[in-house]
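Let us take a walk through a protein model together, one region at a time.

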Amino acid sequence: LRPRFADDPDPELYMLRRSSKSAFMPDALVFPGGGVEAEDAEGVDEDAAHARAARRECMEEASLAVELDRLHWFDTWKTPSGESPRRFLARFYMTTIAPDQGHDAQADGTETRAGRWSTASAILAAWTEEQVDLPPPTLCVLLQIQAGAWRSWPTLDAAQLRAPILPKIAAAGSEIQIVMPHDPTYADLPGDAAPAPERATSLPRRFVRRGKRWVPED
């Protein structure tokens, strides 16, 4: 996040568009990220390995240098079992940089393209107009940033973040839905399940694929 001035209520953030050739979420607007490599895990525990991977991927995908000790883990999601075999356990990290930093950021041109600095409000406005596609976890992060929740993320307890948010996939007629673990119908749906972490209960109960975007519903 890049606040433009003191107490900026709507800081800029850097996002990238995934390659149209990607097997998972092609063309979606996402944050820099990727898998933990052997070099990330060498000589450190799992938590440090994930943070190292986040720092490395920011540089590789967006040419953004971030400080390891300023990365704050704030959320964890797991891909629904309906997406097998492409499943991921994804940790989300945040950091803040100064207004005069990050101007050299750019997409790598292979895995990602069309990098941009923008506010959560502007990105969500483009999503409303179906100009960008946002995966449900990314959409949730942006909605929380817009609401100011990012200010409390550096204080979250890592022990609580180990429990991932694990949605399920459901079909309702011609619609595809992503059902969150705090939805009343979640337990009755097929697929891998997990209890709803407390942090999930403030999020939409499900997401419905309509047109070119995922639409949250309660």
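Leaving aside its neighbours within four places in sequence, which residues is Leu134 in contact with? Leu134 is in contact with Met15, Leu29, Ile123, Leu124, Trp127, Leu139, Leu142 and Trp214, where contact means heavy atoms within 4.5 Å.

Before we go on, a word about what you are looking at. This is a predicted model, in which local features need pLDDT of at least 70 and side-chain atom pairs count only at pLDDT 80 or more, while totals for chains, interfaces and linings use all residues. Residues are numbered from 1 along each chain as its sequence is written, and side-chain values use heavy atoms, leaving out hydrogens and water.

Back to Leu134. Along with Leu13, Leu142 and Ile145, Leu134 touches the most other members of the largest nonpolar core, which has 29 residues. A nonpolar core is a set of buried Ala, Val, Leu, Ile, Met, Phe, Trp, Tyr and Cys residues joined through side-chain atoms within 4.5 Å. Buried means under 20% relative accessible area, exposed means over 50%, and partly exposed lies in between (1.4 Å probe, protein chains only). The elements that give two or more residues to this core are strand 1 (12-18), strand 3 (72-78), strand 4 (89-94), helix 3 (120-128) and helix 4 (136-146). Helices (H or I, at least four residues) and strands (E, at least two) are DSSP runs, numbered from the N terminus. There is also a second, separate core of ten residues, and among them are Cys58, Ala62, Leu71 and Ala105.

Leu71 sits in the loop between helix 2 and strand 3, and it counts as buried because its relative accessible area is 14%. Beyond its neighbours within four places in sequence, Leu71 is in contact with Ala51, Ala54, Arg55, Val66, Tyr93, Met94 and Thr95. Leu71 and Phe92 are 21 residues apart in sequence, and their C-alpha atoms are 9.7 Å apart in space.

Now find helix 2 (residues 46-62), where Arg56 has its place. Is Arg56 buried or exposed? Arg56 is buried, because its relative accessible area is 12%. Leaving aside neighbours within four places in sequence, Arg56 is in contact with Gly35, Val36, Glu37, Glu39 and Asp40. Ala41, in helix 1 (residues 38-41), is partly exposed, with a relative accessible area of 36%.

Next come the sheets. Strands of a sheet pair through backbone hydrogen bonds, either parallel or antiparallel. Here, two strands pair if DSSP finds at least two bridges between them. Two bridges join strand 1 to strand 2, and Leu16 stands opposite Val30 in strand 2. Strand 1 and strand 5 pair over six bridges, and Glu12 has Thr119 in strand 5 as its bridge partner. Six of the seven residues of strand 1 are buried, so this strand is largely enclosed by the rest of the structure.

Axes are lines fitted to C-alpha atoms, for helices over the stretch in contact, and angles run from 0 to 180 degrees between N-to-C directions. Helix 3 also packs with helix 4 at an angle of about 135 degrees, with their axes 9 Å apart. The two helices are therefore oblique to each other; angles under 35 degrees count as roughly parallel, over 145 as roughly antiparallel, 65 to 115 as roughly perpendicular and the rest as oblique. In helix 3, Ala120, Ser121, Ile123, Leu124 and Trp127 meet Leu139, Leu142, Leu143, Ile145 and Gln146 in helix 4.

Finally, look for another open sheet, in which four strands run in the order 6-7-8-9 with antiparallel pairing. Strand 6 (168-172) and strand 9 (213-217) are at the edges, each with a single partner strand, so one side of each is left without a neighbour in the sheet. Five bridges join strand 6 to strand 7 (residues 175-179), and Ile169 stands opposite Ile178 in strand 7.
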